[in-house]
Amino acid sequence: MSRRHNIIAAIAAVSAIVAAVAIWYVVGNVDNECIPRRRAFMRIEPYAAEYSAYDSLPLQLQVNSSAKVLEADDASTPEGSHWINISYPRFGSTVYCTYVDVTPASLDRHLRNRYERIEKNVRGTMRNVLFADSITGISSDVFFAAEGNVVPLQFISTDSATFVFSGAVFIPTAANADSVAPIVDNISDDVMYMLQNLKPKAKQR
């Protein structure tokens with residue numbers, strides 16, 4: 001074998017050793033480095049957009065058919081008030097709703113009380129406000145908080161004469177904004193549908 005061939009073989013051997021050492025170094029240090037990993041979130045099965053009429057309030061509500069509605073004991077509510085909770089068991093979330101009878105003279109006081117409560121809940125994290133009118137002319141203001149707020153959505157509805165209907169969506173795990181975004185979207189869609197379809201119950205003769 002010529003000298004030239006010997007040199008080429010030696011170079012090849014050294015290159016192979018260097019490559020093996022480099023591979024060993026990379027593989028051996030993988031476990032020692034902090035490699036960021038994607039966070040995995042549990043898949044959330046949304047509630048289908050299917051609704052049923054709820055008639056226990058002086059208003060008729062369209063509520064998600066798979067949600068559970070719990071009425072407060074009449075003895076625990078002030079006269080002229082009604083409290084209901086619309087629960088989403090799969091989400092561990094609830095829409096807390098209050099209906100209050102008002103008069104033109106007391107309307108402003110009740111609305112001011114509700115707006116103050118909303119501001120306390122969002123703690124300066126208000127992101128957006130939407131205005132909606134129902135098919136029967138009931139006006140609603142819908143308030144969205146910034147991501148991460150456990151009360152991401154609140155609303156106030158009124159006919160400006162006889163009642164104030166208000167509510168707040170409570171999501172205990174909302175601090176993890178990425179994982180609960182589908183929950184917020186799902187419940188928000190239901191709330192908007194309910195508000196757009198509010199109508200007073202027909203008075204019994």
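Which residue in E2 does Ser-52 stand opposite? I looked this up first, and Ser-52 stands opposite Val-63.

I am working from a predicted model, where local features need pLDDT of at least 70, side-chain atom pairs count only at pLDDT 80 or more, and totals for chains, interfaces and linings use all residues. Residues are numbered from 1 along each chain as its sequence is written, and side-chain values use heavy atoms, with hydrogens and water left out.

**Entry 1, the sheet with E1.** I took helices (H or I, at least four residues) and strands (E, at least two) as DSSP runs, numbered from the N terminus. I counted two strands as paired if DSSP finds at least two bridges between them. E1 and strand E2 (residues 59–64) run antiparallel and are joined by 4 bridges. They belong to an open sheet of 3 strands, in the order E1-E2-E10, with antiparallel pairing. Strand E1 (51–54) and strand E10 (199–200) are its edge strands, each pairing on one side only. I noted for reference that strands of a sheet pair through backbone hydrogen bonds, either parallel or antiparallel.

**Entry 2, the sheet with E6.** I then traced an open sheet of 7 strands, with antiparallel pairing and the order E3-E4-E5-E9-E8-E7-E6. Its edge strands are strand E3 (68–71) and E6, and each pairs on one side only. From one strand to the next the twist averages 15°; axes are lines fitted to C-alpha atoms, for helices over the stretch in contact, and angles run from 0 to 180 degrees between N-to-C directions. Strand E8 (residues 153–158) and strand E9 (residues 163–170) run antiparallel, with 6 bridges joining them. I checked Gln-154, and its bridge partner in E9 is Ala-168.

Which strands does helix H2 lie across? I found H2 (residues 107–122) across strand E5 (93–101), E6, strand E7 (139–145), E8 and E9, and H2 runs at about 175° to E8. Ser-106 sits in the loop between E5 and H2. Ser-106 counts as buried at 11% relative accessibility; buried means under 20% relative accessible area, exposed over 50%, and partly exposed in between (1.4 Å probe, protein chains only). A polar atom of the Ser-106 side chain lies 2.9 Å from the backbone nitrogen of Thr-103.

I used the core as a set of buried Ala, Val, Leu, Ile, Met, Phe, Trp, Tyr and Cys residues joined through side-chain atoms within 4.5 Å. The largest such core has 33 residues, and Leu-61, Ile-86, Val-95, Phe-155 and Phe-165 have the most contacts inside it. The elements giving two or more residues to this core are E2, strand E4 (81–88), E5, E7, E8, E9 and helix H3 (177–196). H3 gives the most, with 8 residues. I listed the contacts of Leu-61 (heavy atoms within 4.5 Å), leaving aside neighbours within four places in sequence: Ser-52, Ala-53, Tyr-54, Ile-84, Phe-165, Met-194 and Leu-198. A second, separate core has 8 residues, including Leu-107, Leu-111, Ile-118 and Val-164.

How many aromatic pairs does a search of the whole structure find? I got 8. Rings of Phe, Tyr and Trp (its six-membered ring) pair if their centres lie within 6.5 Å; planes under 30 degrees apart count as stacked, over 60 as edge-to-face and the rest as tilted. Tyr-47 and Tyr-88 have ring centres 5.1 Å apart and planes at 85°, so this pair is edge-to-face. Tyr-47 lies in the loop between helix H1 (3–30) and E1, and Tyr-88 in strand E4, so the pair ties together parts 41 residues apart in sequence. Tyr-47 is buried at 6% relative accessible area, and Tyr-88 is buried at 3%. Tyr-47, Tyr-88 and Phe-91 form one aromatic cluster.

I also looked at Tyr-115 and Phe-143, whose ring centres are 5.9 Å apart with planes at 80°, so the pair is edge-to-face. Tyr-115 in helix H2 and Phe-143 in strand E7 are 28 residues apart, and the pair links distant parts of the chain. Tyr-115 is partly exposed at 35%, whereas Phe-143 is buried at 9%.

Is Asn-128 buried or partly exposed? I found Asn-128 in strand E6 (residues 126–133), partly exposed with a relative accessible area of 34%. Beyond its neighbours within four places in sequence, Asn-128 is in contact with Val-142, Phe-143 and Phe-144. Its C-alpha atom is separated by 8.3 Å from that of Ala-146, 18 residues apart along the chain.

Methods: A polar contact is a pair of N or O atoms within 3.5 Å; within protein, one must be able to donate a hydrogen and the other to accept it, and residues adjacent in sequence count only if both atoms are side-chain atoms.
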